[in-house]
Amino acid sequence: MSKKEKKIAPLQEDIHLDIPEDEIWTYQVPGLAAPHINKPYKYYGLKKVIFTLVIIVAVSLSMYFSVRTVQSDTFEYSEIETGIQFDKFSNTGFITELDIDYITEVVYDENNADPNTNFTLKKDTSKPITAIRQYALNCDEKVKVINIGADVLEIDGKSFYSCWALQRIEVDENNPNYCDIDGVLYNKDKTEIICVPTDRDTYLAEKYGYAEYDEFGYRIEPAVEDENYAEYERDVLTYVIPSTVKTVGELCFNYANMTTVYIPEGLQTIETLGFYEIPRLANIYSYVPVNEVTDTHFTSQEALGEYYLSLPEGLKYIGSDAFTQCQALTYMYVPSSVTFIGHHAFWDTCYKQDKQVMGVNVINVGASEEEFKSVETGDSWRPQYDFLLFKKSVDINYSSEREIFAFATPDENK
Amino acid sequence: MSELLNKVKDLGTEIKTHWNTPAEGKYVPYKEYKDVVIGVGANYTGSKVLEYIGFWSSCFLIMHHYKLPYLTFSVIGILNMPLGYITALIWWYVCDNLGFLPKKQERKVYLAYGLMMAFGISTILFDYSRLFDPTSKFITLLNGLEGMNATACFKTFGTHFLYSGWVGARNIFWRKKLIPKYGRYKYSLYCDVVPKCIMVILIGWLPVYNITDVATRVWVANLLFATYNVFGFGNVLEECSKRISPNLQERILVRSYPVKFSHTFNSILAIVLPVIIGALRYEWADINMYRYVIPITFITAAAFTMYLAGRIKERIPQPPIEKKVQIKFWDGMFGVLKNKYLLINTIVGLIDSLGNGMLPFVTILYFYTFRLSGLPYSLLVALISFAGTPPDLLSPYFLKRFSYKQIMIFYQLSRAIGYAIIACAMWFCGDNLNLCGTICIVVLFFMEMTKTVPTTAGHDMNVRIGDYQMYLSGERLESFAGIFGWFTGPITSFVGLIIPLMLLRYGFNSNWDVLFIDESRRNIIVIPIIVDVVGFFLMTIPYLFWDYDNKKQNMVMEVLKRRAEVTEKKAKEEGVSVSGGYTG
């Protein structure tokens, strides 16, 4: 047999073993262990004991490690250069208002059977919190109010991620770096809006007297055809970004329940996922502030001065996924001041319905085609719709004139 | 050319001649090859469709509708762990005796299962947490568990009792009834297929995900999915076809051609299904996917499976059931510990656990990096999975040319290098979707190409290890082999929960949208991949000690055939009726 033939020998060899009938359960194949069938083992009892002990230890260790790893403390902190950082919060299931303090213990009142009120959070005031880590609160479903003290100097934009019940973030007025305007988190000089609580509309509904709940605790919103819907939309579903704001922070408005936003001319940056997944956001207006606007509640058009449709002149940066899944938008104008558009900036803002492309079905650009070449754009920045089993990007309308109003504003509705 | 034509003609004649009866030295007629193509194809497709339904965080139903916290699944795993250990012991004993227990023991086991079910039902009907002081440390600890509260914990705990008792009792009942007729691998199809179809429909239509309170949603979902899991629809016909012949050459042939062709059905479906889903209003997040698309596809596949299941036979040389070796509990335990090759596989698995808990990287790449859906998604998935087909058709050659040891060492090294390149691409050029994506796709393509031969070799070796165990202990002891997992449990449970916690630190919880944030996505994917790469390098070491070759396997098969032959002969001499045996 050649070397190659040897190497590719057939899998099935003709082997015949002459095994006597009385050796069928004991016959040992050369090179393999001997069979052990229905025969007693040596030191059977001892082996069983050792085996059992090893198994008990192994199983106990398994369970111990598993329990240790999923059992997280309600509050986790770490020391950093500037002081103490608030790292992680795991709700006990009943904490609805959270002070950003150093909590040493959750103390339960044995005489109170109501789990919603039978505890207090024991604080150590000698250890002020100076920073809040990203994702410190992540997918919490209970916390409604977060109180930030005067000592907190750093808050990551992603610190309160997907807090579905969060209505307000209150900041101590003595805090040197941050402040809040009616429960929305800003930096101190109000040049950056950092976090709009996901369930802020519930707070506003209660504040302005629209709050009604069904038997399961879900809030009932007025229907569009209701008499008071226009007022409701103005008071609850409309947000005016103050005139001082230059930056909309990362994830700032994500999942907000709102239909209208007023953006000041002067805004320069919309960070990554700044307006992510706001399915009802139909109207983006930009206003030209004459006087400083600090009231985020929409009162009247006059208070804001001149305004126009879509993104403001002077805007430079649109981060990735900035408007992803805002499918109620129908008009998008990118001013010629824009120099950067991140990948998937307008992803899923259009869709097909009855063979029509709905939503943002064209991107209007102020710059000419030649000028727009200097804009840095990420992959798939334009909306795409289904086209012959594939996806097709919507067209760009270069050198476009900004559209004038095509529909009524909340003020006009009223 | 004429030589090739002659070969084709000869093959045609061979197939025609041995359509109904196998050639000499072989065991499988060509008609059964045809049945394998369609039957295994349908069964495989059905089982693959069921991968869309599961009580885990990456299931689209959980991801888009139930929205359960990621760590809750680990918490439930821990709650179920103690009972899981106890019921596993009974389960192994029952399974490795094929459901045939001494009468007295059978009654005891049924009683235990009955009590478990009764307790389980009581926890669902009553809230046991009310028996405890609500301010006690125990209750506050349970309330603090991610996504749970004390009530949900007790109900989840009880659900596992109900599930274990129910599954255990069915296991004895149906094995005894069906194994003598249908064999040890495919019997479960006959008792499970109808209830499984009903559960697949219910999963889509019961609006459990609408429950407001997350803890209630968790325990009710757990109960629903536990009931769904009582009934199986595993890829059992393929398991059967892996043992279709005692002839090694024939086993590999069936594995490499008819079984491989049978997967074409699933490959087609893997293109068509996402296209259909892509046409839905909310695509993967559309509940109609679970109400219509999945049930219709599954039920069709199940119908074809049942039509052909009876025609595919397992041919393990074994004594008749009436004369099989009765495995005592401790013999089972010590029996598997004698198997050196199971030990090597255990060490490999232990090292492999370094990647436990990582998110499905490829899914994230497709959905969150490239935002694929519909036909482009299908085509890419099909292209990558097709990459493995041509090399797999050459599996018989590779298995003859290279030893199992060589193949597996090559496999682990190719994974390590491939994943290292992907990690580098995502870390250094993650912002450039086109470049990063192209690198990832090319590497995935090559990794798929180099995966199928080792996979075939691995499947074949697992069957051989079963044969070797049968030689050692008189039974295959496939269930008792689970004891190795207990020994490695402390390490795997420790390591396997580090990654989920790491992911939580990078922002991954119940909201998958965090993966749209480039920086978070990069950390969530790349860090676990690096851990995995280290694991792949280390996994080459145990294979250096592998010495089970074809010659040893052929000798083992000879021993098994001889045992079956002698036992059956003696049984007939004693006038005992025989069933379920096979002499080869």
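Two strands pair if DSSP finds at least two bridges between them. Keep both in mind for our opening example.

A word on the source. This is a predicted model, where local features need pLDDT of at least 70, side-chain atom pairs count only at pLDDT 80 or more, and totals for chains, interfaces and linings use all residues. Residues are numbered from 1 along each chain as its sequence is written, and chains are lettered from A and ligands numbered from 1 in the order in which they are written.

Now the example. Look at strand 1 (residues 75-80) and strand 2 (residues 83-89) of chain A: they run antiparallel and share 6 bridges. A hairpin of 2 residues connects strand 1 to strand 2 in chain A. A:Ile80 has A:Gly83 of strand 2 as its bridge partner.

Step back to the whole of chain A. It holds 7 helices and 30 strands. Its C-alpha trace spans about 105 × 75 × 50 Å along the principal axes. The radius of gyration is 32 Å, while a compact globule of 414 residues would come near 22 Å. That radius is taken over C-alpha atoms, and the globule rule is 2.2 Å times the number of residues to the power 0.38.

How much of chain A is buried? Of its 414 residues, 36% are. Buried means 20 or more other C-beta atoms within 10 Å of the residue's own; 12 or fewer is exposed, in between is partly exposed, and C-beta atoms are placed from the backbone.

Next, a sheet. In chain A, 8 strands make an open sheet with mixed pairing, in the order 12-13-14-16-18-21-23-27. Its edge strands are strand 12 (178-181) and strand 27 (376-377), each pairing on one side only. Strand 12 runs antiparallel to strand 13 (residues 184-187) of chain A, with 4 bridges. There, A:Asp180 stands opposite A:Leu185 of strand 13.

On to helix 3 (residues 200-207) of chain A. Its buried residues include A:Arg200, A:Asp201 and A:Leu204. Helix 4 (229-235) of chain A is part of what covers them. After helix 3 comes A:Gly209, with a positive phi near 80 degrees.

One loop residue deserves a stop. A:Leu281 sits between strand 18 (269-270) and strand 19 (283-287) of chain A. Why is A:Leu281 counted as buried? Because it has 24 C-beta neighbours inside 10 Å. A:Ala328 is 47 residues away in sequence, yet the C-alpha atoms of A:Leu281 and A:Ala328 are 5.6 Å apart. The residues A:Leu281 touches, beyond four places in sequence, include A:Met258, A:Phe275 and A:Cys326. Contact means C-beta atoms, placed from the backbone, within 7 Å.

Now chain B. Helix 20 (residues 404-429) and helix 21 (residues 433-449) of chain B pack at about 175 degrees, axes 9 Å apart. So helix 20 of chain B is roughly antiparallel to helix 21 of chain B. Angles under 35 degrees count as roughly parallel, over 145 as roughly antiparallel, 65 to 115 as roughly perpendicular, the rest as oblique. Axes are lines fitted to C-alpha atoms, for helices over the stretch in contact, and angles run from 0 to 180 degrees between N-to-C directions.

Last, the two chains together. Their contact takes 68 residues from chain B and 72 from chain A. On the chain B side, helix 27 (residues 550-574) gives the most, with 11 residues.

Notes:
Two residues are in contact if their C-beta atoms, placed from the backbone, lie within 7 Å.
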